[in-house]
Amino acid sequence: MAVIGIMSAMHEELAAVLAAMPDEQRVRVAERDFWVGHWHGHDVVAVLSRIGKVAAATTATVLLERFKVDALVFTGAAGGLAPHAQVGDVVVATGLVQHDMDASPLFPQYEVPLYGRARFDTDPALSQALAAAASQVLSDPAQHLGAQAIADFHLLSPRVHQGLIVSGDRFVSTTAESQALQHSLPDALAVEMEGAAVAQVCLDYGVPFAAVRTISDRADDDAHTDFNRFIREVASRYSLAILSQWLMHR
Ligand code: SAH
């Protein structure tokens, strides 16, 4: 049976996934805890991604090499770049770019040397299935979130977007940097710190990859004050519900 790798960016997200797995066993590799078990009848290995491109690439490599996962899904939060990617929306990546990769003039800006590309595409079928699950979950936020969180974060009609996510080793929290990214990568919907690195590793191994991110902030000067509360009360609940919905129907 296919083994599914789940990489969670946040402790709270992983905790929610582990609470849903009935029988997980811990296997420690490379200072990381990999949780091997089942969810909705599927073989699953869940792990905290860790933050930043190198840490996430190492985690992905262990999942692929040691645990032989046949598909890898990443969930986490991201900063919204496109004006319509609002806090509480979910972005399912169709492709990812490392926004801090620049080996120019030897290679075009953003191109990863020796790969002949800047953009790493996600698996279309896997991404489509996750987008469908996300649409289902977001159609009724009240089923997954508390009333206070919905009110405080203005989550009355959250939306699912599909498109480009950009990754780099920087938490983007100034309007100037957000605008610079929007200017140089106009298709980018959201920015985070791991996805494009994991997509690159999955390309190397020929394993399907998908990334689902809840917009937690607008990557600008007034990145909302309560990031941790948002992760706890919104993003981790969405991740759990989306993964659960997807695995139940897979
Ligand atoms: N308090 C958190 C820190 C998270 S760092 C903790 O201790 O775990 C930010 C994480 O959210 C990264 O994994 C990154 O991928 C994502 N992220 C959310 N908003 C972002 C932004 N504006 N810029 C870059 N990454 C962002």
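Student: How much space lies in the largest pocket?
Tutor: First, the idea. On a 1 Å grid over the protein atoms alone, a pocket is an open set of points where a 1.4 Å probe fits, with protein on both sides within 12 Å along at least five of seven lines. Points are joined across faces, edges and corners, and the volume is the space filled by probe spheres set on them. Here the largest pocket holds about 260 Å³. A word on the model: it is predicted, so local features need pLDDT of at least 70 and side-chain atom pairs pLDDT 80 or more, while totals for chains, interfaces and linings use all residues. Residues are numbered from 1 along each chain as its sequence is written, and side-chain values use heavy atoms, without hydrogens and water.

Student: Which residues lie nearest the centre of the largest pocket?
Tutor: Lining residues have an atom within 4 Å of a grid point. There are 21 of them, and Met-10, Ala-77, Phe-171, Met-193 and Phe-227 lie nearest the centre. β5, β9, β10 and α7 each give two or more residues to this lining. Helices (H or I, at least four residues) and strands (E, at least two) are DSSP runs, numbered from the N terminus.

Student: How does the lining divide by class?
Tutor: Ala, Val, Leu, Ile, Met, Phe, Trp, Tyr, Cys and Pro count as nonpolar; Asp, Glu, Lys and Arg as charged; the others, Gly among them, as polar. The lining has 12 nonpolar, three polar and six charged residues.

Student: What takes the space of the largest pocket?
Tutor: A molecule sits in a pocket if more than half of its atoms lie within 2 Å of the pocket's grid points. Here the ligand takes that space.

Student: Which side chains have polar atoms by a nitrogen atom of the ligand?
Tutor: A polar contact is a pair of N or O atoms within 3.5 Å. Asp-217 places a polar side-chain atom 2.8 Å from a ligand nitrogen. For Asn-228, the distance to a ligand nitrogen is 3.3 Å. Arg-213 has a polar side-chain atom 3.2 Å from a ligand oxygen.

Student: Where is the cis peptide bond?
Tutor: Check omega. From Ser-104 to Pro-105 it is near 5°. Pro-105 sits in the loop between β6 (90-98) and β7 (119-121).

Terms used. A polar contact is a pair of N or O atoms within 3.5 Å; within protein, one must be able to donate a hydrogen and the other to accept it, and residues adjacent in sequence count only if both atoms are side-chain atoms.
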